[in-house]
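Hi everyone, thanks for making the time. I'll walk you through one structure, piece by piece, so please have a look at it first.

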Amino acid sequence: MTIETSESPIYGLMAEFDSAQELVAAAHKTHAAGYQKIDAYSPFPIEGLAEAIGFHKNSVPLVVLIGGLIGGISAYALQYWVAVITYPVNVAGRPYHSWPSFIIVTFELTILFAGLSAAIGMIALNGLPMPYHPVFNVPEFAKASENKFFLIVFSSDPKYDAARTRSFLNDLAPRMIAEVPS
Amino acid sequence: MATNTQIPVADRRVPVIAPGHTFSTIGEKISNIVLSRPVSLGWIFGFLIVFSMMNLLMIALGYLFIKGTGIWGINIPIGWGFAIVNFVWWIGIGHAGTLISAILCLLRQTWRNSINRFAEAMTLFAVACAGIFPLAHTGRPWLAYWLFPYPNTMRYWPNFRSPLVWDVFAVSTYFTISLVFWFVGLIPDFASLRDRAESTLVQRIYGLLAMGWRGSARHWHRYETAYLLLAGLATPLVLSVHTVVSFDFAVGIVPGWHTTIFPPYFVAGAIYSGFAMVLCLAIPIRAIYGLQDFITMRHLENAAKVMLATGLIVAYGYGMEAFMGWYSGSQFDSFLLWNRLHGPYRLSYAALLACNIFIPQVLWLKKFRVSTGWLWLVSFVVLVGMWLERFIIVVVSLSRDFLTSSWGQYYPTKWDWMTFAGTIGMFLTAMWLFVRILPMISIFELRTLLPESQVHEAAEVKQ
């Protein structure tokens with residue numbers, strides 16, 4: 001195990017693990033020890049990891065629901081307004097408000113708006129695009145998209161204390177611990 | 001227990017991913033194709049061919065814009081011709097990509113993880129090719145934006161009761177959602193490429209595309225939700241896009257078009273031709289780039305089985321058309337059947353039956369499903385057959401409608417053929433570039449297939 005230190009202000013303490021199982025176990029222990037502001041990084045989604053760091057509130061579904069409703073309602077309203085109010089055309093004697101014909105565009109725009117909300121909502125809630133982030137200052141972090149697993153305790157955590165947090169993380173038997181300069 | 005020691009049925013099959021791979025070998029193998037594999041002479045030679053074909057399209061469209069649609073073989077009574085035949089064919093091909101990425105994702109078919117990325121790319125390129133045809137067919141493509149509802153000085157609005165307007169919404173939504181789904185899937189892989197890239201420029205480009213993705217647990221959590229919702233939203237699109245395309249025909253009263261079987265039969269045909277295209281692309285790509293570990297025989301066999309099943313649905317559609325022609329007692333419908341079998345286009349119809357119904361039945365035999373050469377050949381035959389199907393639907397019905405005085409023959413011109421060949425060139429050019437600049441297999445999704453990625457302890461701790 002190596003220990004790295006630096007002089008600039010500290011963003012947090014980062015520990016590196018070899019496997020997904022170790023990371024989840026470490027995340028559970030850190031959260032249980034009372035650390036609130038922590039995060040975990042992995043090259044692929046791990047079931048239960050978000051819960052392990054105490055993240056439960058996921059508003060993506062709500063964003064998608066709202067997007068879909070706006071898409072559907074505005075599509076139907078647009079068609080109604082065009083076909084009945086502003087530009088009524090008699091097509092083969094059909095009623096102006098020929099609702100079965102309006103279903104397809106309503107359906108398509110519901111999907112379109114909901115899908116765009118899912119993608120844009122996810123990216124925005126994740127705070128992306130983010131050109132700079134302190135975790136990338138740790139050289140080993142390049143492996144976070146390959147085969148290594150990281151846990152960080154942010155220095156903004158009320159329980160954070162450079163020495164005590166380091167010894168706590170040390171007990172989790174990581175490969176290495178690094179201070180993350182901000 | 002004795003049963004526990006037996007090998008489960010699922011494990012006796014060829015695995016989805018060859019044994020011996022780790023998180024890093026997967027990333028290495030896939031990203032090296034993009035980052036460090038030298039450009040081979042074969043790639044350049046092939047690229048020159050497909051790029052020349054794409055330039056045929058540019059020439060054909062350039063001349064079309066100068067002269068108008070008169071350079072095509074379309075005229076009354078056959079006003080649709082190649083433009084619509086090719087549009088429906090290309091759109092259909094796209095469907096397999098969405099089926100693989102969305103429906104198989106919801107059904108937890110893990111084998112999809114190694115073919116979804118390039119199948120989605122195939123969808124995008126196919127839909128882009130498809131879009132060219134109706135656009136050019138409008139005659140004045142520079143005014144195509146009139147199809148969209150927007151406030152304008154002409155005080156005109158589209159007629160929302162028209163299937164052609166539905167089509168605009170269906171196809172543009174399909175393209176947009178496919179693009180978004182594809183891009184969202186690529187974000188974590190862009191981050192992988194960013195972290196592996198050695199040159200600063202390449203690192204910057206992928207870094208820009210990755211938008212600062214760092215694999216945070218919070219991000220993954222939202223990401224997975226968004227991905228699942230996108231899959232759920234794209235699923236009805238698989239079924240609806242070709243349904244709406246079939247409405248272009250079925251809402252009309254032309255014999256052979258005005259049938260209720262069209263939507264399901266079009267969707268099955270779309271998936272049929274789409275899987276044929278997936279196999280036509282996957283078989284050479286896995287051989288050239290040595291991806292047999294990730295695209296195993298199991299994938300090819302599964303795709304062949306989907307092809308066989310959808311092919312039988314299509315065969316049922318033909319059977320129903322013939323049955324209704326005979327049973328309905330409508331002279332126009334029964335004449336349509338007679339005309340297909342004995343009329344001027346009988347050879348095309350015979351070729352269609354051979355390509356779409358009879359030849360693909362060899363896929364019942366395992367020997368043909370596990371031989372890449374045979375499988376490729378059968379897939380190619382299906383692609384030809386599905387093109388012929390659209391040709392028969394569009395041309396034969398229009399050439400012989402209700403009045404003998406309005407009968408006519410359709411002769412495609414060299415410009416028709418050039419446009420068609422050109423879109424194939426455009427599709428292949430895009431594929432050619434895609435395999436070298438983007439990871440053609442989803443790296444992170446493949447990693448989740450390794451047993452090491454599964455954490456069972458988490459659930460126990462919660463309880």
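Start with L13(A), which stands opposite V153(A) in β4(A). Before I go on: this is a predicted model, where local features need pLDDT of at least 70, side-chain atom pairs count only at pLDDT 80 or more, and totals for chains, interfaces and linings use all residues. Residues are numbered from 1 along each chain as its sequence is written, while chains are lettered from A and ligands numbered from 1 in the order in which they are written.

Okay, back to the strands. Strands here are DSSP runs of E with at least two residues, helices are runs of H or I with at least four, and both are numbered from the N terminus. Two strands pair if DSSP finds at least two bridges between them. Strand β2 of chain A, residues 10-17, pairs with β4(A) in the antiparallel sense, over six bridges. Then there's β3 of chain A, residues 38-41, which runs antiparallel to β4(A) and is joined to it by four bridges. Over there, D39(A) stands opposite I152(A) in β4(A).

Is β4(A) mostly covered or mostly open? Mostly covered: five of the six residues in this strand, 149-154, are buried. Buried means 20 or more other C-beta atoms within 10 Å of a residue's own, exposed means 12 or fewer, and partly exposed is in between, with C-beta atoms placed from the backbone.

Now, where do the two chains touch? The contact takes 66 residues from chain A and 54 residues from chain B. On the chain A side, α1 (20-32), β3, α2 (49-52), α3 (60-86) and α4 (99-125) each supply at least two residues. The one that gives the most is α4(A), with 18 residues. And contact here means that C-beta atoms, placed from the backbone, lie within 7 Å.

Over to chain B. Among the buried residues of α3(B) are F23(B), I26(B) and I30(B), and what covers the buried ones includes α7 (163-196) and α17 (443-447) of chain B.

S36(B) counts as exposed because it has 11 other C-beta atoms within 10 Å.

Step into α4 of chain B and you'll find L48(B). How many C-beta neighbours does L48(B) have inside 10 Å? It has 11, so L48(B) counts as exposed too. What I like here is that L48(B) and T429(B) are 381 residues apart in sequence, yet 8.9 Å apart in space, C-alpha to C-alpha.

T429(B) is one of the buried residues in α16(B), along with W415(B) and F420(B), among others. The cover for the buried residues of α16(B) includes α4, α5 (81-106) and α6 (116-137) of chain B. Helix α16(B) itself, residues 414-437, reaches 34 Å from its first C-alpha to its last.

Methods. The expected span of a helix is 1.5 Å times one less than its number of residues. Two residues are in contact if their C-beta atoms, placed from the backbone, lie within 7 Å.
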